[in-house]
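Colleague: I would like to learn how to read helix packing and aromatic contacts. Please take me through them on a real case.

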Amino acid sequence: MGLWRRGRERGSTPPEAKQHGAPTTKGERHHRSEDIGTNRAVSEQPCSREVKVVTESRSDQGHWRRAAVAASVCGTSVMSSSPNWGQLPALAITNVFQHLDHPDRLNASTVCWHWRSVIFQPRFFKRIQFDVAREQNKKNSFFLQKLAHIVSEVKITFDSCNLYDVELTTEILYKLGKSARLLNLSILPKYATLVTPGRFYSEEEWNYILKLFVQPLIALLNRKNPPLRALDLGCSEILALHASDFLNCTSKPQFLERLAFATVKQDPGHYPLGLIEPPLFEKCTALRVLTLDYDSLCDELLQTLQVLPLRQLVVHVHGIDEDHFGLSEDAWANFRSKNPETELHLTLVCAYEAVEILHTHILRPSMPLTHLKVLFCEKINCEALEYLSRHYKDTLRSLIWVDSMRIEEYRNIMELVMRTEQDPLVMMAWRCKKLQELIVHGYVLDPHNLVGVARLRGRELSVLEVSNIHLSIPSLMVTPFVEEISAQLGKKWCPLDAKTLPPALRFYPVSDEVRDQYILKYIRKDVME
């Protein structure tokens, strides 16, 4: 028989037990049962806390005793109270977090202090980035306290022209040196210059860098469990001078997968050479990504690198030392035969002399060249462009040739056509079947030839970026060319103008810091994650 009953508190007495005196007769018991049924019908009004109880009728038991097995008292039931989510086991919360995306996981962790404490696990935080600045001190302190010891990858960006930020960065480095889980470290100054208390290249500056940067990095590299797998010096010239020290102090070089030692020079015409002995790379048997300055490369080093599983080799060219003999064609041919999948990224940075001899002293036919960047070298070398399209037609994927528009020298790329009787960019688009990116700034281009480039490459050319079209053509006549290029590329396209050009490329002078930011953006995009 199914009954809806209001439960009794433990120890309460049934209504019939409250009657004192002699035992009742069978008829009186029957009469009271009818009264109880009537009262029960009245009590069966809706109540969210009432519990439906199903029992089996037994003649030797009363209705109250049967219903008291599972009924709960309205207003005092445990089921009626709100659940205490803060008392869930950490394992249960962890299982919930594993099914959420990172933003949803962070939102869920705001339920209470207990949930927030559960989220700080290595499985939920793989990497963090410290943006060092005075206004970010509170955030960075929180990262150091809660996350620095559980993440495996850390990036540190800082204003390298601000001594206060530089010293804050060194404090972070020292604290990261105590981490037992850190595998990848990237130090990313915003500018090529690194401010120190002493004069540039002075003994005081050297000791400052040695104590506050080099020593904590050596401590990380010397750690055996777990060994560091990636180190990026962020193109810092003065840190890269210690590259040999870093390799010498590495306890387990066989675990290194990525090393970024290439630099951007503060003075491209005058700088100290940081040479690296080729045998230091012999034990780096897992190295996949390596960035170096051209000054450090030689045939012997290239021979050492050819036995490593390199997938990307990035080379920066600044000045050309008169004692540097360059790399031979045979050395590049042997390297390419042993590493057919390696990508070579060649970058000239403010290399005013090297750009003129690019095709004669630096480029070699057997180079596995896939990306070429020529940044602020104040010259376009038409012979080098022709060399590129003839020798790297099966490998070249990206060409970036950038100068600012403020240089007084009038640069008209049509002059190249007059000397070579053909536009080198059109020939490159025709010959280089893998070309996907073409960026040219600081030079006047013919819109007819730009249309030719777009037709030859079509939608395979994912990036076509220019900033100046032939000045003799009225702006209204440029519109059909823009529409045709857009149709060939399969997306809306237009050249950059004075409003959309990056500050480093405009007509008015800019500081070296602004130029450095533009350069570093392109260079760091090279390094394979």
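The dialogue below covers packed helices, ring pairs and charges over rings.

Modeller: First, the ground rules. This is a predicted model, where local features need pLDDT of at least 70, side-chain atom pairs count only at pLDDT 80 or more, and totals for chains, interfaces and linings use all residues. Residues are numbered from 1 along each chain as its sequence is written, and side-chain values use heavy atoms, with hydrogens and water left out.

Colleague: How do I read two packed helices?

Modeller: Two packed helices are described by the angle between their axes and the distance between the axes. Axes are lines fitted to C-alpha atoms, for helices over the stretch in contact, and angles run from 0 to 180 degrees between N-to-C directions. Helices are DSSP runs (H or I, at least four residues), as are strands (E, at least two), numbered from the N terminus. Here, α16 (residues 424-431) packs on α17 (residues 447-457) at about 5°, with the axes 9 Å apart. So α16 is roughly parallel to α17 (angles under 35 degrees count as roughly parallel, over 145 as roughly antiparallel, 65 to 115 as roughly perpendicular and the rest as oblique).

Colleague: Which residues make the contact?

Modeller: Contact means heavy atoms within 4.5 Å. From α16 come L425, V426, A429 and W430; from α17 come N449, V453, L456 and R457.

Colleague: How many aromatic pairs does the structure hold?

Modeller: Eleven aromatic pairs. Rings of Phe, Tyr and Trp (its six-membered ring) pair if their centres lie within 6.5 Å; planes under 30 degrees apart count as stacked, over 60 as edge-to-face and the rest as tilted. F120 and F142 are edge-to-face, at 5.9 Å centre to centre and 65° between the planes. This pair links distant parts of the chain, 22 residues apart: F120 is in the loop between α5 (113-118) and β3 (127-132), F142 in helix α6 (residues 137-146).

Colleague: Is F120 buried or exposed?

Modeller: F120 is buried, at 18% relative accessible area. F142 is partly exposed, at 34%. Buried means under 20%, exposed over 50%, partly exposed in between (1.4 Å probe, protein chains only). Y518 and Y522 form another edge-to-face pair, 5.1 Å centre to centre with 70° between the planes. Both lie in helix α19 (residues 512-526), four residues apart, about one turn. Y518 is buried at 5%, and Y522 is buried at 4%.

Colleague: Where does the charged end of K521 sit?

Modeller: Over the ring of Y522, 4.8 Å from its centre. The rule is NZ of Lys or CZ of Arg within 6 Å of the ring centre and within 35 degrees of the ring normal. R134 likewise lies over the face of Y164, 3.9 Å from the ring centre.
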